[in-house]
Amino acid sequence: MQTKYLKSANGEKMRTSVRILMVGTALSAVALANPAFSQTNTGTQLPQTEPSNPTGVSDSADADAGNGQPIVVTGSRLIRRDLIAPSPVTTVDAEAIAQSGDVTLEATLNEFPQLTPDTTSNTNQSGGTGVLSVDLRSLGAVRTLVLVDGRRFIPADVTGLTDLATIPDLLIDRVEIITGGASAVYGSDAIAGAVNFVLRRDFEGVEARYQYRTTERDDGETHKADLLLGVNAPDGRGNLTAYGSYTTRNAVFAGNRQFSRIPLLADSTGTLQPFGSGNIPGGLIGLNSAFFPQIQGVDLVGAQATCPGPIQGIRFGPNGEPLPFCRPEDQFNYAAPNFLLRPLERYQFAAIGHYELGDRIEAYAQFFYTNKENAFQQAPEAVSPTSFGQRSGTILIPNADTNPLYPQPLRDFFAANRGFFDADGDGIFTINSVGRRFEEFGPRNVSIGADSFGGTLGLRGDFDLIGENPWRWDLFGQYQRSDVSIVRQNLLSKSRTTLGLDVVVVNGQPQCRIDLLGCVPVNIFGTATLTPEMAEFLSVNTRTDDRFTRSVVGASVAGDVFELPAGPVSAAFGMEYRDETFRTVPDETALSGDLAATAIPPIINNGSFNLFELFGEVRIPILEGLPAIESLAIEGALRYSNYSTIDEVFTYKLGIDWEITDWIRVRSSYSRAIRAPNLDELFAPPQAGFTGGVDPCVAANNPTAAQRQLCLAQGVPAAILPTLDVGASQGFNVLSGGNQNLNEESADSYTIGAVFTPPFANNLSFTIDYFDITVDDAIANVSAQQLVDTCFQTLDESSLACRAITRLPTGNIDQVAAPLLNVASRKVRGIDFTAGWRIDLPDAISLFDGGSNLDLRLVATWQLEDSTVPFEGLATVECAGFYGGPCSSDSVRLTPDFRAFFSAVYSSGPLELRTEVKHIGDFDLSTLAFPNENGTIEPETYVDIFGSVEVIEEFQLFAGVSNLFDNQPPVIGFRAGGDTNTNVQLYDVLGRQFFFGARLSF
């Protein structure tokens, strides 16, 4: 895989004729194919008849109800007839998924404004293992529960999140998205709601599909092939469906796009200027200006007059020559080798089936398997070389002034500064604040291989108990497992650095004093001084193997309890037992603490928890057939959960369904939800990272007298404090990890809305819903910057925030410990609006016999609030419609205050033409953003087009264009946008893309 990951993406390979064919086909679209969404509530657990909804946005289950067929809807376990759940459900159908041209499901679902794009295929290092997740309402992916046929799907890794890239898309019948707390119905993780993937039930025949996709710049080439086989039992009592798929996708590099090839940072006027890393090839020694007069052989004081920015130390050029390090002229552009689109290779297999064992009992089974490889990549390692036993960035070099490996200019420099680096005269030169970009190693590539599989076996049926209608029952067991291997390449070894720097002369030749590990004497100072042999010796790879397993046993019954004048009282009851475990096995390199860029070695820490749950749900019809009350019913749900980690908790839900007339319906619900900490949050080993940040002790930030005293107490040398600068790194390391003392989160969720199907317009439906979700004791990493800010606001040296800060001998912040805590409070509020209208068109504009129709769909969300209180005593941070500061960064996603999705579909005979318009509102700069940043991110609108035609009944050709007008993402710079200068999750960073393919079915 590594060779493929590093392919050049610069070629001009796409044939003009193919491009013209695709564009010509797509531009003929006046409007586009089948309904992309609806606001319907439909069955999720073995409906006897698949729901039908010709209008697409009706919010009713009348198609089933009219035939007397009971259904179960997402967000409820009750059996229903002509009723809907009091929580709004948005449905995405199979055709919308197929016609999107996307090869992973998250790209299609994230077009809908209820979802905030979280980890996507465009997310590089902050996407970790590449788990493609969904995030309802910007509350975080861990607070959105993903289901397949109403049950939890295979966890991708220790977080417990489902990777949407492992759900077989050709097997999907529809996707149902429910907003609001659903913990009482489905259990923990459903604070923001749930996304339920409903699979096809009785597919018969063969369906084969192939799709090719590429960008206009001829990179990111993708191939996807699918095969679906289905057969009914000879006696008609069952069905077996099998699915297989292969996908491969090449990487796109940040250096291949104008907006991301050079990092940008705002200057004092707010103008974005080229920016880079202070860790540069050749290496440097960071120095505060107070020490400049003490350095001999390099005129650091004089260089200040000609450097456009600050002089931040000594760099080493060709032949080891010492030179002033002038910022920004000498900084390093780290952006080019980063992935802008992660490479992917994926194999999938699935089999689902059911068989009637008798008149009233059916056995069913499901099996899913995915092998997936993806990666993220960064520039060559930027690290502080460190000798064993020394603090970060401190190396010991015996006899640096006479080292025969060093070029003469380098020996002369150390000889001239012996008193500075070897004050005690023992011959060992102690050099602090060393930084280097090991360009000779090549890019840091992190390759992730994942094998996941899951199986479900169950029995279901019905029995007579009370009343005319039978009760349904379901008993099932599940086993799910994910094995994840993470290989990190081209990293610096502490032990090898220590050995290689300790050089002696034997028979006139430089050799390592201690001959271990095939030691090669090294010189890390100077460009072109680190030979291939030195680089091979210093660099190491490391591997970690993780395994996550889940076992589930569940049972439920549902039916009518008794009859009231307004209708039957329905109830559902059940239980579930779940056990989750994980283990992580780092290799010897990681365990030894030998990696220079890792603060402490990871801990082999196996974790587990289990829980037992009981739940019940009831619906009581109150009134029926009165003026302004066609029907009125209340619903309630209660769940008792006993966790091995957090003990006993209760969740509950109350709802009202009021049908005013046959075309106006009002619904409302209140939920108390909880989320237990997952295994990653409880047991994750310590991890080191880096963030750009602001140190209040830096002289340019004008610390107050009280703050200066705190700086001195934290270890800033008194001689340095008056001139302390930002240092070469312009940020600090962050140490995070799990916390076994975490408690559960709790959330209160309110929704109220209405559904309209006006009789004066056939097939017109629209809905409006208000949501309000508040999460208390939210589990969160308090950001390193927030901890630093809190420390210097409260000025309490003994506080958690101040104790989290560790400083270097230079006075700069070295590391901030940012553990997971139950400290945050989160709140989101907003309004959803949906509308759908299906119009039968005149024969005069039909292109084929049989007439034509036009489907118009609109989904819009106004996010009125997305606020966080990150730490007790801190002010509320509002991020809906704001960017910068705590509202956006490489790892923090943007929350638009307005998003809309519109589609128009024209269908006539074998032809389907579709247009999608996706709108993102503007953003203002957060009041908490870094100084000097300014401006507004303007609104963005994308247009996609698609066309398909059935050449013969069994064979279809299709083609499409995404981002028709080749809109480029907004450039907001490093601090607000991360390494790519923009928000890669929300905006299209690839530009215009083409796809085409064929589908064969019989």
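Two strands pair if DSSP finds at least two bridges between them. Keep that cut-off in mind for the first stop. The model is predicted.

**Stop 1**

Select β36 and strand β37 (residues 813-817). Now pick isoleucine 805. Valine 816 in β37 stands opposite isoleucine 805.

**Stop 1: a salt bridge across the sequence**

Side chains of opposite charge can pair when their charged atoms come close. A search of the whole structure finds 48 salt bridges. Select aspartate 832 and arginine 137: their closest N and O atoms are 2.3 Å apart. Aspartate 832 sits in strand β38 (residues 820-841), and arginine 137 in the loop between α5 (105-109) and β2 (144-148), so this pair ties together parts that are 695 residues apart in sequence. Buried or exposed? Both aspartate 832 and arginine 137 are buried.

**Stop 2: from β38 to β39**

Stay on strand β38 and select arginine 829. Its salt-bridge partner is glutamate 865, with the closest N and O atoms 2.7 Å apart. Glutamate 865 lies in strand β39 (residues 852-869), so the link joins parts 36 residues apart in sequence. Colour the pair by accessibility. Arginine 829 counts as partly exposed at 24% relative accessibility. Glutamate 865 is buried, at 15% relative accessible area.

**Stop 3: from β43 to β45**

Select lysine 918 and aspartate 944. They form a salt bridge whose closest N and O atoms are 2.3 Å apart. Lysine 918 belongs to strand β43 (residues 911-920) and aspartate 944 to strand β45 (residues 940-952), so the pair ties together parts 26 residues apart in sequence. Lysine 918 is buried, with a relative accessible area of 14%. Aspartate 944 is buried too, at 11%.

**Last stop: a network**

Select Arg619, Glu635, Asp657, Glu659 and Arg665 together. Salt bridges with shared partners join these residues into one network.

Note on methods
Residues are numbered from 1 along each chain as its sequence is written. This is a predicted model: local features need pLDDT of at least 70, side-chain atom pairs count only at pLDDT 80 or more; totals for chains, interfaces and linings use all residues. Side-chain values use heavy atoms; hydrogens and water are left out. A salt bridge is a side-chain nitrogen of Lys or Arg within 4 Å of a carboxyl oxygen of Asp or Glu. Helices (H or I, at least four residues) and strands (E, at least two) are DSSP runs, numbered from the N terminus. Buried means under 20% relative accessible area, exposed over 50%, partly exposed in between (1.4 Å probe, protein chains only).
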